[in-house]
Amino acid sequence: MRRKLRVLFAASEAEPFIKTGGLGDVGGSLPKALKNAGCEVRVILPKFGTIAERYTEKMTHLTDFRLQLAWRDLYCGIEKLVEDGITYYFIDNEYYFKREKPYGYGDDAERMAFFSKAICESIKYLPDFKCDILHLNDWHTASAAVFLRECYQGDPLYENVKTVFTVHNLKFQGQYANFILGDILGLHEVPAAASQLCCDDGSVNYMKGALLYSDILTTVSPTYAQEVKTGFFGEKLDWIFRDRESVLYGILNGIDTAKYDPETDTALPQNFSASDFSGKAKCKAELQKELGLDQDPDIPLAVMIGRLTDQKGLDLVAHVIDEMLEDNLQIAILGTGDKVYEKLFADCAERHPGKCAARIMFDAALSQRMYSAADMLIMPSLFEPCGLAQMIAMSYGTLPIVRETGGLKDSVKAYNQFTGEGTGFSFANYNAHEMKDTVLSAAALYRENKAAWTKLMQNAMAEDFSWDRSAEDYCKIYQSLHPEVTPWKKSTKK
Ligand code: ADP
């Protein structure tokens, strides 16, 4: 049968409605790319209280019903909004979702279980949409994979619904005390669910459930898909990835290439392109002024943009930042996170006026000015499922200096001094001085070999980080779960 595959994409975040991190970028961009690749996609999200009024006022009420969650009998509404050509469904329950922030509450286990059950239940209510693929993302939606098999089996409507579960960050698994199994999920009398959801210590782990119940597992980069099979990266679930490696795929995320385009980005003081970097020089001069750094075009400027947490390798930076700043180099940091790092970088900026600046805040426009102005981005992550900052940096001709892990390894090609090839710099070991040496040799190249540097900038800007490539890979995976359906796009192209 020749038709489009129908994909219900479920996530707790999607730009422009909800974004607290990289998942929001993916939830916003991937469905559009899947649509372009020939799928019929609908996106289902919680109707969080943080969604801007300009969106909520345009939503229409599709339906509502009662949802059973263990002993609870709950209101569940579905609101609909078509935005930018994509149909979004918002799960409405004000008690659970109308709060000041999306997560971080004592009842998150219950809220996300409600959302997950609502995703499954909604499949009955979506007009003209017989779901083929339920694509779940991270622990917030993980229990839907379990509910789907344990509570909806036997209903013909659900017979052909296949599940794809994408791990964006294995660090966050949704792990709770054992009583959750009965009191919230209502699955204590289902032996298979109990054994697959529970860990050896008796705790309930939503992500473990999805990893065992889903038809296909994906991670957000090929290298991370290999890494999660090892004890170091596997966060105690590595054995599942090893057992299920035949259905495990790593697909590199993309970025919004229209948004991060130095030729059109309105956040920049001057636009530029790979054939004319004069605008980038202006961006650098303006940023140096804005951040109080010495105004010198020849000093290499390195930036760090992101969450200030251990994951991002900040203990390495903290260890050698004073040594690095003894070199002819500037470092500017933008981020929020662990208080210890916020203070450490703020103090460092005070110790090195004119050479180091720290902005402890979340500011998207400033991040774009920094990506465009900098010569280098330092990203020495301990682990990195994909990472977007390095790809955004490259699209502005800013060369990333990364540790060879996860998506950093898959997206940055290290400089080869003999061929001049590369899109950045990398080092292998989690070692502060190895990082420092890599940063300082990159800085030296910047100062001493402008031609080689310009070539690297052009290489970086020529990389294709659009979502189209990843969307094709997801489509192939969906297709493998529904071999009876002939892809719609191929047939129309012929
Ligand atoms: P993660 O998802 O692990 O936080 P990613 O690199 O995948 O890291 O994505 C982080 C995204 O958030 C990037 O788009 C980055 O530019 C943005 N970001 C992170 N911190 C800040 C900040 N303080 N101000 C503005 N943007 C930020």
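Contact here means heavy atoms within 4.5 Å. The model is predicted: local features need pLDDT of at least 70, side-chain atom pairs count only at pLDDT 80 or more, and totals for chains, interfaces and linings use all residues. Residues are numbered from 1 along each chain as its sequence is written, and side-chain values use heavy atoms, with hydrogens and water left out.

**Exercise 1. The nonpolar cores**

Task: State which residues have the most contacts inside the largest nonpolar core, and list what Leu34 touches.

Solution: 
- Step 1. A nonpolar core is a set of buried Ala, Val, Leu, Ile, Met, Phe, Trp, Tyr and Cys residues joined through side-chain atoms within 4.5 Å. Buried means under 20% relative accessible area, exposed over 50%, and partly exposed in between (1.4 Å probe, protein chains only).
- Step 2. The largest such core has 103 residues, and Leu34, Leu185 and Tyr206 have the most contacts inside it.
- Step 3. Helix α4 (residues 108–122) gives the most to this core, with eight residues. Helices are DSSP runs (H or I, at least four residues), numbered from the N terminus.
- Step 4. Not counting residues up to four places away in sequence, Leu34 touches Phe9, Cys39, Val41, Ala471, Tyr474, Cys475 and Tyr478.
- Step 5. Another core, of 75 residues, lies apart from the largest one; Cys386, Val412, Phe425 and Val439 are among its residues.

**Exercise 2. Packing of α12 and α13**

Task: Decide how helices α12 and α13 are oriented to each other, and classify the residues of their contact.

Solution: 
- Step 1. Axes are lines fitted to C-alpha atoms, for helices over the stretch in contact, and angles run from 0 to 180 degrees between N-to-C directions.
- Step 2. The axes of α12 (residues 314–325) and α13 (residues 339–351) come within 11 Å and cross at roughly 5°.
- Step 3. Angles under 35 degrees count as roughly parallel, over 145 as roughly antiparallel, 65 to 115 as roughly perpendicular and the rest as oblique. The two helices are therefore roughly parallel to each other.
- Step 4. On α12 the contact is made by Leu314, Asp315, Val317, Ala318, Ile321, Asp322 and Leu325, and on α13 by Tyr341, Leu344, Phe345, Cys348 and Arg351.
- Step 5. These residues divide into nine nonpolar, no polar and three charged. Ala, Val, Leu, Ile, Met, Phe, Trp, Tyr, Cys and Pro count as nonpolar, Asp, Glu, Lys and Arg as charged, and the others, Gly among them, as polar.

**Exercise 3. Salt bridges**

Solution: 
- Step 1. A salt bridge is a side-chain nitrogen of Lys or Arg within 4 Å of a carboxyl oxygen of Asp or Glu. A search of the whole structure finds 28.
- Step 2. Asp73 is partly exposed because its relative accessibility is 42%, and Arg66 is partly exposed at 46%.
- Step 3. Glu290, at 38% relative accessibility, is partly exposed, as is Arg369 at 22%.
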